[in-house]
Amino acid sequence: MSHGIRRRSLLVSAAALAAAAGPLSGLARAAAARTPKVLVIGLDGTLLGRVKDAEAPRLKSLMARGLTAPSSIYANPLAPTMSGPGWSTLLTGVWPDKHKVVGNDFAGHDLARYPDFMTRAEAAKPALRTYAVSSWAPLTDTVFSPKVDTRVSTPSDEYDEGTTKRAVAALADKDPDAVFVQLDNIDHAGHSSGAASRAYLDAIHGADAQVGRILDAVAARPSYGDEDWLVMVTADHGHTDAGGHGGSSRAERQTFLIAVGDGLTAGSVRHDVRMPDLAVSALAHLGVPVDPAWGLDGRPVQQPRPDAFDTLRDRLKPSVDETGIGSGVLGFTHTPPDGWSVDNTRMGGGGVTEWRGWAFTTDEFWTQTQRDQQRELNLRARNVFAVADGDEWSDKPVTGTFDSTLISPAYEVTGGAPATLTYTTYYRHEAPQQGQVLVSYDGGAPAVVKTYAADTPSTVETVRLQVPAGARTAQVRFRYTGGNNWYWVIDGVGIKPS
């Protein structure tokens with residue numbers, strides 16, 4: 001039985017699947033005329049870096065023909081890096097603070113409110129045929145609801161071989177529109193031998209062959225030329241070199257998505273993809289509109305939405321004062337993107353270079369500065385984000401206090417009309433620290449529109465603005481003041497008409 005989560009997601013169009021599976025005929029049909037279908041393959045406990053090290057020709061072929069997106073997950077106190085929370089996040093499209101799966105016993109879950117993507121697809125389009133098969137029974141017994149047409153928990157004595165045979169048979173005989181397959185043995189090898197072992201690489205090689213058989217079954221379908229397949233391969237968590245997961249290390253928090261499909265660039269790598277995107281991408285491909293009332297955290301990978309901070313990824317620098325991050329990790333800059341600025345005229349001196357005033361950074365860099373201080377709970381920021389971190393700044397001698405302001409470009413607004421300021425935020429508080437959001441119009445005096453003086457979990461914040469008559473632009477300031485306290489994260493800032 002699995003002790004953690006493991007899955008990989010791949011998006012595969014008809015043409016890309018054909019290239020991965022071998023020469024095939026009948027593929028010269030327009031995507032618009034083909035029937036959309038989804039295949040999700042989950043490889044439990046799999047590390048992307050070890051896939052690259054292993055003999056895994058089918059997975060590597062998919063990576064060459066589509067999108068590869070390394071990503072990261074949470075840690076305690078939100079949820080451990082285990083299979084129950086991880087798979088629930090991937091399949092429902094929301095983080096554990098919503099679906100409430102915080103262990104492998106699923107106690108206290110809220111999967112009725114946040115069901116799996118196949119259940120949502122069935123509700124929207126009852127004629128769809130959905131099929132889920134899993135080597136780890138809790139997925140098909142608990143996470144997928146009875147509204148899914150077929151749920152199969154493979155008998156333990158059949159394990160991944162039985163799961164693979166059943167998936168191949170379903171693709172050949174049942175004409176499903178959405179298929180989910182979970183393979184467990186890579187996680188088993190991680191537990192028994194460790195992720196640094198030969199056994200772990202061998203398990204990846206074995207799973208790769210099983211993935212190939214599933215892809216071949218798709219490509220062998222008589223109606224394949226009339227189908228538009230989106231194939232996603234993913235994992236629920238990583239593993240330590242010695243074996244095991246559940247903790248907050250970088251290795252345990254790693255996951256990924258490999259996606260091949262129409263509109264996804266062959267051989268591309270993206271850093272804006274998060275775990276909940278899998279479910280939303282599947283729904284989008286199946287033509288199921290996402291109702292904002294569902295409260296989903298994911299975005300379709302087919303529709304990227306980069307923000308200004310993400311343009312800084314190629315300008316990130318290695319650590320200066322921080323230790324333990326690793327020399328190969330590029331992860332911070334103080335230079336803002338075009339149109340943005342940082343006011344440090346009141347900022348204290350000294351301290352840790354990386355965090356002297358607002359900085360722009362990434363999860364893989366920032367969370368490694370100090371584990372288990374809840375930086376791992378910065379769920380809803382993506383790719384590059386802005387952070388003011390008085391705690392880390394104070395790890396070297398300082399003078400004065402932390403007082404830095406992040407200033408946005410001027411956004412166009414309509415005078416006399418309402419507008420909405422949106423941004424992703426995560427704020428951990430300790431007095432006398434404070435975060436203030438200020439807005440000014442047409443270069444006038446900034447006015448406070450929101451104050452943070454208590455812990456605020458990762459969320460997308462919306463602030464309604466009443467634009468003064470005659471105003472044409474609005475500018476936002478994020479001012480963080482404090483000392484050796486905690487931190488504030490900002491991402492995805494924008495102003496739009498209400």
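In the contact of helix α8 with helix α10, Asp-160, Glu-161, Thr-164, Lys-165, Ala-167, Val-168 and Leu-171 of α8 meet Gln-210, Arg-213, Ile-214, Ala-217 and Val-218 of α10. Contact here means heavy atoms within 4.5 Å. By class, the residues of this contact of α8 with α10 are six nonpolar, two polar and four charged. Ala, Val, Leu, Ile, Met, Phe, Trp, Tyr, Cys and Pro count as nonpolar, Asp, Glu, Lys and Arg as charged, and the others, Gly among them, as polar.

The model is predicted; local features need pLDDT of at least 70, side-chain atom pairs count only at pLDDT 80 or more, and totals for chains, interfaces and linings use all residues. Residues are numbered from 1 along each chain as its sequence is written, and side-chain values use heavy atoms, with hydrogens and water left out.

**Helix packing**

Axes are lines fitted to C-alpha atoms, for helices over the stretch in contact, and angles run from 0 to 180 degrees between N-to-C directions.

| Helix pair | Angle | Axis distance |
|---|---|---|
| α8 (residues 159-173) and α10 | roughly 10° | within 8 Å |
| α9 (residues 185-193) and α10 (residues 198-219) | about 175° | 8 Å |

α8 and α10 are therefore roughly parallel, whereas α9 is roughly antiparallel to α10. Angles under 35 degrees count as roughly parallel and those over 145 as roughly antiparallel. In the second contact, Asn-185, Ile-186, Ala-189, Gly-190 and Ser-193 of α9 meet Ala-199, Tyr-200, Ala-203, Ile-204 and Ala-207 of α10. The residues of the contact of α9 with α10 comprise seven nonpolar, three polar and no charged.

**The chain as a whole**

The chain contains 13 helices and 22 strands; helices (H or I, at least four residues) and strands (E, at least two) are DSSP runs, numbered from the N terminus. For its 498 residues, a compact globule would have a radius of gyration near 23 Å, and the chain agrees with 23 Å. This radius is taken over C-alpha atoms, and the globule rule is 2.2 Å times the number of residues to the power 0.38. Among contacts with a separation of 6 or more, 76% join residues 24 or more positions apart.

**Covered helices**

Gly-93, which follows α4, has a positive phi near 85°. In helix α11 (residues 277-285), eight of nine residues are buried, including Asp-277, Leu-283 and His-285. The cover over the buried residues of α11 includes β2 (35-44), α4 (83-92), α6 (117-124), β7 (227-234) and β8 (254-260). Just after α11, Gly-287 has a positive phi of about 75°.

**A glycine in a loop**

Gly-267 lies in the loop between β8 and β9 (268-269). Gly-267 is partly exposed, with a relative accessible area of 46%. Apart from neighbours within four places in sequence, Gly-267 is in contact with Met-63, Ala-64, Arg-65 and Gly-66. Gly-267 and Thr-68 are 199 residues apart in sequence, yet 7.4 Å apart in space, C-alpha to C-alpha.

Methods:
Parallel < 35°, antiparallel > 145°, perpendicular 65-115°, else oblique. Buried < 20%, exposed > 50% of the residue type's maximum accessible area, 1.4 Å probe, protein only.
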